[in-house]
Amino acid sequence: MLQIEDLQVQLGDKQILKHIDLEIRPGETHVLFGPNGSGKTSLLMTIMGYPQYRVTGGRIVFKGEDITHMPMNERAGLGIGISYQRPPTINGVKTKQMVQICAKGEVDTEALAAKMNFAEFLDRDINAGFSGGEIKRSELLQLMAQDPDLLLFDEPESGVDLENISLIGNSISQLLQRDFRLNDKKSQKELQEERTKMGLIITHTGFILDYVTADRGQVLFDGVLTCTSNPREIFKCISQVGYEECVRCAI
Amino acid sequence: MRDLDEKALQAKEKKAALGLDVDLDAYSSESVSHDYVDDLSTLPEADKKRMILAGVDADEKDRSGTYVQEDTSVLHSHSKQDGLQVMPIKQALKECEWIQDYYWKLVAVDTDKYTARAQLDLHDGYVIRALPGSKVIYPVQACLYLEKEGLSQNVHNIIIAEEGSELHIITGCATAAHLRRGLHVGVSEFYVKKNAKLSFTMIHYWAEEMMVRPRSVGRVEEGGLFLNNYICMKPVRSLQMYPTTHLVGKGAVARFYSLLVGSPGSEMDVGGRIFLKEPDSRAEIIARTISNGGNIIARGDLIGEVPGIKAHLECRGLILNGGSIHAIPELHGKVDGVEMSHEAAVGKIAQDEILYLMSRGLSEDEATATIVRGFLSVDIPGLPDQLRAEIDRAVAQSDQDMM
């Protein structure tokens, strides 16, 4: 379980997250909506542990452990993983190597890459000249290798062409144990109840909702979590009346 | 010979154009004799270990020939393959008339006091030659080893890839574990003839108080390829070299790669200069330098003399733990129709790259090491796998020291 209690975060001198309370239980996936600059990415980066996001109040608890000031690599070790929107290029570090780093050693890199239709990129420097869709596939490939319990997705559909959107959507579903497949031994309901993976997905366009089911939607507005509801309902509301409506609830 | 001696005598006090001036009299030049060794595996384990670090394997596994010199004496010299000659240069000067067509024909004996010394007080060196059309499958290894404290080791090497041949050489210069202070003067002349291919990978493994003054010039004929790799990741007091290559035939290609790590107290002034003198010739100089507290000057100079040539220079530096990197890339286009470019960058490890790796589970130190190793892993097309492995090993060894 991820528990965020009264979290306050500064970036530089600016207060960017204000008294955030959020709870994601095992098996749950939440979708995070909000206009540009509302603090969505900051929330993900803070959960992952980026040092420039300074926690000035509150705490983050994951699997019962207070991780508020834990180094990033230890958070990764505890089972938190992130798919970035714009990860950096590292010259000379191959995609294959990144997959191995994520998996901490033994992994069938080729087979995993084939699943993401990414085999031909394994020998390329990570993120060097990758298109938007290629970056997303690379990020998901790394998450597959890491197999974390809490998965953070920063706009997984942005910059992805139509051809790849279903591949990406379905892969996220799989990572979150939300893909539906016939199973002889267990009912879908049982499988659903056995889900352990937790997800927090930032979306701008809502397209990802066509592929990934979610339990809750959250709206972040100017650093404040303003409402929690059915993700589809929130999306429809925002589409029709816009984020201006959120101002009312933010105050 | 008398002419050479006279010229050398005149240049005896001539300071080099670049680099700190070395007082030659502060080093002994007397010959130090070591017995010839038939079976290299009988060498002391400690020496073998040092040689391996410089890419020279006493068991000669996957090697087609070996030359080992300790101080001023030849320990071993032989070729395992037809079409390949490996011999000490003093022997060649005595027995082979053809050597006169190559000896001091590219490097001027009066270049400076170091070349003069290599003429006036020669301590051998190697001649490696691939006969016309022969393909030397495994690399030839050559090791110039320094054991005697305070010695000036003066060698002259000649490498010839005859027409249509293919030759790969790995040469390691190393010092015994106990050695602190010494001087290495090495003259090398490279001849790559028509349609021949030569790769020359040099790994230096020096000591803290070593002075190193290589002087080398290469010449590549029509359709020839010269790959020149230089790796120096260990401390050295002062290293200065500016190897030059002349592309004198249509379609001749030269590529220089260097990987340097400057440790505290080390001064490295390393460059490469390539003259492109015929159409369709190509040149590339790529340098990766890391300052770990030392001072590095990374030079590169490309001279395009005719239309239709293509040349690129790339110099990237990382300052890890203090020290300095001075990148001096130069391009000289002398006519219309040349295509030349360079890029140079000196910086630090980007924080966002470290954090990216940390979010995948690496500690900060592991992330830094991964980035450094990536920085030093330059793709070298045409280099045999064994040599790639030697370079990777040198890199892996050095980042243990750096962290």
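**Conventions.** Residues are numbered from 1 along each chain as its sequence is written, while chains are lettered from A and ligands numbered from 1 in the order in which they are written. Because the model is predicted, local features need pLDDT of at least 70 and side-chain atom pairs count only at pLDDT 80 or more, whereas totals for chains, interfaces and linings use all residues.

**Figure 1. Overall build of chain B.** Chain B contains seven helices and 21 strands; helices (H or I, at least four residues) and strands (E, at least two) are DSSP runs, numbered from the N terminus. The C-alpha trace of chain B spans about 65 × 55 × 45 Å along its principal axes. Its radius of gyration of 20 Å agrees with the value near 22 Å that a compact globule of 403 residues would have; the radius is taken over C-alpha atoms, and the globule rule is 2.2 Å times the number of residues to the power 0.38. Of the 403 residues in chain B, 55% are buried. A residue counts as buried if 20 or more other C-beta atoms lie within 10 Å of its own, as exposed if 12 or fewer do, and as partly exposed in between, with C-beta atoms placed from the backbone. Among contacts in chain B between residues at least 6 apart in sequence, 84% join residues at least 24 apart; a contact requires that the C-beta atoms of two residues, placed from the backbone, lie within 7 Å.

Figure 2. Domain 1 covers residues 2–351 of chain B and domain 2 covers residues 352–403, with bounds that come from an automatic or database domain assignment. The C-alpha centres of domain 1 and domain 2 of chain B lie 24 Å apart. Their contact takes 26 residues from domain 1 of chain B and 23 residues from domain 2 of chain B. On the side of domain 1 of chain B that touches domain 2, at least two residues each are supplied by strand 7 (166–175), strand 9 (197–205), strand 11 (225–232), strand 14 (253–262) and strand 17 (282–291) of chain B. Strand 11 of chain B provides the largest share of this side, four residues. By class, this side of domain 1 of chain B has 17 nonpolar, seven polar and two charged residues; Ala, Val, Leu, Ile, Met, Phe, Trp, Tyr, Cys and Pro count as nonpolar, Asp, Glu, Lys and Arg as charged, and the others, Gly among them, as polar.

**Figure 3. The interface between chain B and chain A.** In this interface, 17 residues of chain B are in contact with 19 residues of chain A. Helix 5 (351–358) and helix 6 (364–376) of chain B each supply at least two residues of the side of chain B that touches chain A. The largest share of that side, six residues, comes from helix 5 of chain B. The residues on that side of chain B divide into eight nonpolar, six polar and three charged.

**Figure 4. Helix 3 of chain A and its cover.** Helix 3 (residues 95–103) of chain A has the buried residues Thr95(A), Gln97(A), Met98(A), Val99(A), Ile101(A) and Cys102(A). The cover over these buried residues includes helix 4 (109–115) and helix 5 (132–146) of chain A, together with helix 5 of chain B. Lys104(A), which follows helix 3 of chain A, has a positive phi near 55 degrees.

**Figure 5. An open sheet in chain A.** Four strands of chain A form an open sheet in the order 2-1-4-5, with antiparallel pairing; two strands pair if DSSP finds at least two bridges between them. Strand 2 (14–24) and strand 5 (65–66) of chain A are the edge strands, each pairing on one side only. Strand 4 (residues 53–62) and strand 5 of chain A pair in the antiparallel sense over two bridges. Val61(A) stands opposite Asp66(A) in strand 5 of chain A.

**Figure 6. The two faces of helix 8 of chain A.** In helix 8 (residues 231–241) of chain A, the buried residues are Pro231(A), Ile234(A) and Phe235(A). These residues cover an arc of only 100 degrees around the axis, which puts them on the same side of helix 8 of chain A; the arc is that of the directions from the helix axis to the C-beta atoms. The face turned away from the buried side of helix 8 of chain A carries the exposed residues Glu233(A), Lys236(A), Gln240(A) and Val241(A). Strand 3 (29–33), strand 9 (216–221) and strand 10 (224–229) of chain A are among the elements that cover the buried residues of helix 8 of chain A.
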